[in-house]
Amino acid sequence: MKKIFRIGWLVIVLAFIYVPILVLAVYSFTDASIVGGGINSFSFENYINLFKNEELRNMIFGTLLLALICAAISTVLATFGAIGTFYSKRLPKALINSANQVPVVNADIVTGFSVCILLIVILRVDKDTFIPLGIGHIVLTAPFVYLSILPKLKQMDNSLYEAALDLGATPAQALFKVVIPQLIPGILSGFMLAVTLSLDDYFITTYTKPSTFDTISTYVVNATKGSQTEIKTALWALSTLIFVIVIAIVIGMNLLSGKKKGAKNDKI
Amino acid sequence: MKKIRFNRSQLCIPYAVFLVLFVIAPLFVIVYYAFTNGEGNFTFANFVGFFSSTNTLGTLLYSFLLSIVTTLVCLIIAYPTAYILARSNFKKKYVLLLLFILPMWINFTLRITALKEILSVIEGNLAAYPFFNSVIGMTFDFLPFMILPLYTSLLKLDNSLLEAAADLGGNKFTVFLRITLPLSIPGIVSGVTMVLLPSMTNYVVLDMLYNSTYIMGSLIGSYFSAYDWNNGSMISLVLLIIIFLVTLVTNRFSDKDTNSRGAVL
């Protein structure tokens, strides 16, 4: 009996989380223009529109490109930042760690607004250069990359670096061939986290973006206020597509890490 | 030896410069703008305006109320969920957990769109129950961020402690209240911070659901649209102080493993 309650609870919570997404997914394959309205026939129209409509296509690729570029820059910046800080003296270490914590605990809206004031209002950087937007997203994502690399640095065997130097490697060689390879899991998960944070962001984007550029978040918010049915239903398709992609990535990563764990166990 | 360490620590210079320029400097800029008027003269007028207007004070109270209720609702839903997941003897409970936190990686505006469509079918006009719908929307958005830290801290719970407590005569309720609950406080605190602050500022959820917003975040949004940087900075500073106070309290309970958003990957 008790087990039934437990499973029942989990099912209810899952329903709360997934029913809206799944209902939208079903409707995305129909010609209906409102959820709950009549369905005349099934169609792929929404999915075709998603890629045919130039505005939508540019918006999606723009969002992805922004996320990938910013995540890449964040990852490089934060990786070297984390390594450098880890071997710094106590004071600079404490200062950088605290500064790194600021965007993590701060509300995104305050981060975005403050970057906007500094860059756009005071320094008068042109929004259309994408520089404020890029910097905003790096400010948002780099601290999280930093945080995901730190534990790997702590786990790392310090003597390996020293050994590489003793064996004649230059510091640069030791860094790239010994230290960084050991940090790769942390760097990769940091990069993935940076991509997802950037893709999900609304506030920093709103306050720093060029007026003609939209990411998925800002576009969707505007679209829900607009009355263009075709765009609205195409976004249902986008939502479904992203849902499927996220599931695929999660399953993929899980299989991958499962395999790795298996391999490790074999060695032992 | 010394020289090598010196070389390695130099690697942090670009990141340190970046943090100073784009994380620390903007904070000072906010403080400067909050205490000046449009002509750049020092003034308390922005704060006086905020704390003497019933409108803005009402917004502040409404945000507090909304975020506290949202946080409690998230906690009430997430705690049993995390507890069942963490304590179950299901072999691949990690996979089950992923099912609950997977929405984290789906763009929140798209998820809120889905929620809005469903709620509209059920309720009709969403603006009729703004507070109720705000809580639902925020909970829908932030629930995974509450489940994850709770799960992590409950997973670490030592079974032998529970058995010992039971052997010593504690009934199930006492064991939970005196062992499980206190030991999961780091997870609770971490989850609360993940929900409390965003639900004070994420006005987009409300904006999307019923085209209207009354929370602290929306004040920044409206000052931004009006190019009123001084008052926008003043609100940001108020939020920063709230965030600082919350962090001060939560740092006492902090548990590094349960922190950070989306850290599962």
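This is a predicted model: local features need pLDDT of at least 70, side-chain atom pairs count only at pLDDT 80 or more; totals for chains, interfaces and linings use all residues.
Residues are numbered from 1 along each chain as its sequence is written, chains are lettered from A and ligands numbered from 1 in the order in which they are written, and side-chain values rest on heavy atoms, with hydrogens and water left out.

Chain B contains 13 helices and zero strands, where helices (H or I, at least four residues) and strands (E, at least two) are DSSP runs numbered from the N terminus. Along the principal axes, the C-alpha atoms of chain B fill a box of roughly 70 × 70 × 35 Å. Of the 265 residues in chain B, 54% are buried; here buried denotes under 20% relative accessible area, exposed over 50%, and partly exposed the range in between, with a 1.4 Å probe and protein chains only. In chain A, Val125(A) is placed in the loop between α5 (108-122) and α6 (131-155) and is partly exposed, with a relative accessible area of 23%. The C-alpha atom of Val125(A) is separated by 33 Å from that of Phe86(A), the two residues being 39 residues apart along the chain.

Side chains of opposite charge can pair when their charged atoms come close. With a salt bridge taken as a side-chain nitrogen of Lys or Arg within 4 Å of a carboxyl oxygen of Asp or Glu, three salt bridges are counted over all chains. One of them is formed by Lys225(A) and Asp207(B), whose closest N and O atoms are 2.8 Å apart. Because Lys225(A) lies in helix α10 (residues 216-225) of chain A and Asp207(B) in helix α11 (residues 203-210) of chain B, this pair joins two chains. Lys225(A) is partly exposed at a relative accessible area of 46%, while Asp207(B) is buried at 13%. Within chain B, Arg111(B) forms a salt bridge with Asp141(B), with 3.1 Å between the closest N and O atoms. Arg111(B) belongs to helix α6 (residues 108-123) and Asp141(B) to helix α7 (residues 130-155) of chain B, so the pair ties together parts that are 30 residues apart in sequence. Both partners lie in the buried class, Arg111(B) with a relative accessible area of 3% and Asp141(B) with 3%. In chain A, the side chains of Lys209(A) and Asp214(A) meet in a salt bridge at 3.6 Å, N to O; Lys209(A) is buried at 13% relative accessibility, and Asp214(A) is buried at 19%.

A pair of aromatic rings is described by the distance of the centres and the angle of the planes. Rings of Phe, Tyr and Trp (its six-membered ring) were paired if their centres lie within 6.5 Å, planes under 30 degrees apart counting as stacked, over 60 as edge-to-face and the rest as tilted, and a search of the whole structure on this basis finds 28 aromatic pairs over all chains. Among them, Phe29(A) and Phe44(A) form an edge-to-face pair, at 5.8 Å centre to centre and 85° between the planes. This pair links distant parts of the chain, with Phe29(A) and Phe44(A) 15 residues apart in the loop between α1 and α2 (45-52) of chain A. Phe29(A) is partly exposed at 30% relative accessibility, whereas Phe44(A) is exposed at 57%. A further edge-to-face pair is formed by Tyr227(B) and Trp229(B), at 5.9 Å centre to centre and 75° between the planes. Tyr227(B) is exposed, with a relative accessible area of 62%, and Trp229(B) is buried, with 17%. Ring pairs also link these two residues with Phe113(A), Tyr207(A) and Phe224(B) into a cluster.

Surface patches were built from residues with over 30% relative accessible area and no salt bridge, like charges being joined within 9 Å and nonpolar side chains (Val, Leu, Ile, Met, Phe, Trp, Tyr) within 5 Å. A positive patch is made up of Lys2(A), Lys3(A), Arg6(A) and Lys172(B), and helix α1 (residues 2-28) of chain A contributes the most to this patch, with three residues. Lys172(B) is found in helix α9 (residues 172-183) of chain B and is exposed, with a relative accessible area of 67%. A nonpolar patch of about 640 Å² is made by Ile185(B), Ile241(B), Phe244(B), Leu245(B), Leu248(B), Val249(B) and Phe253(B). Its largest share, five residues, comes from helix α13 (residues 229-251) of chain B, the helix in which Phe244(B) is placed.

Technical notes
Accessible areas come from the Shrake-Rupley method with a 1.4 Å probe; for residues, only the protein chains shown count as cover. Lys and Arg count as positive and Asp and Glu as negative; His and the chain ends are not counted. The place of a charge is taken as NZ of Lys, CZ of Arg, CG of Asp or CD of Glu.
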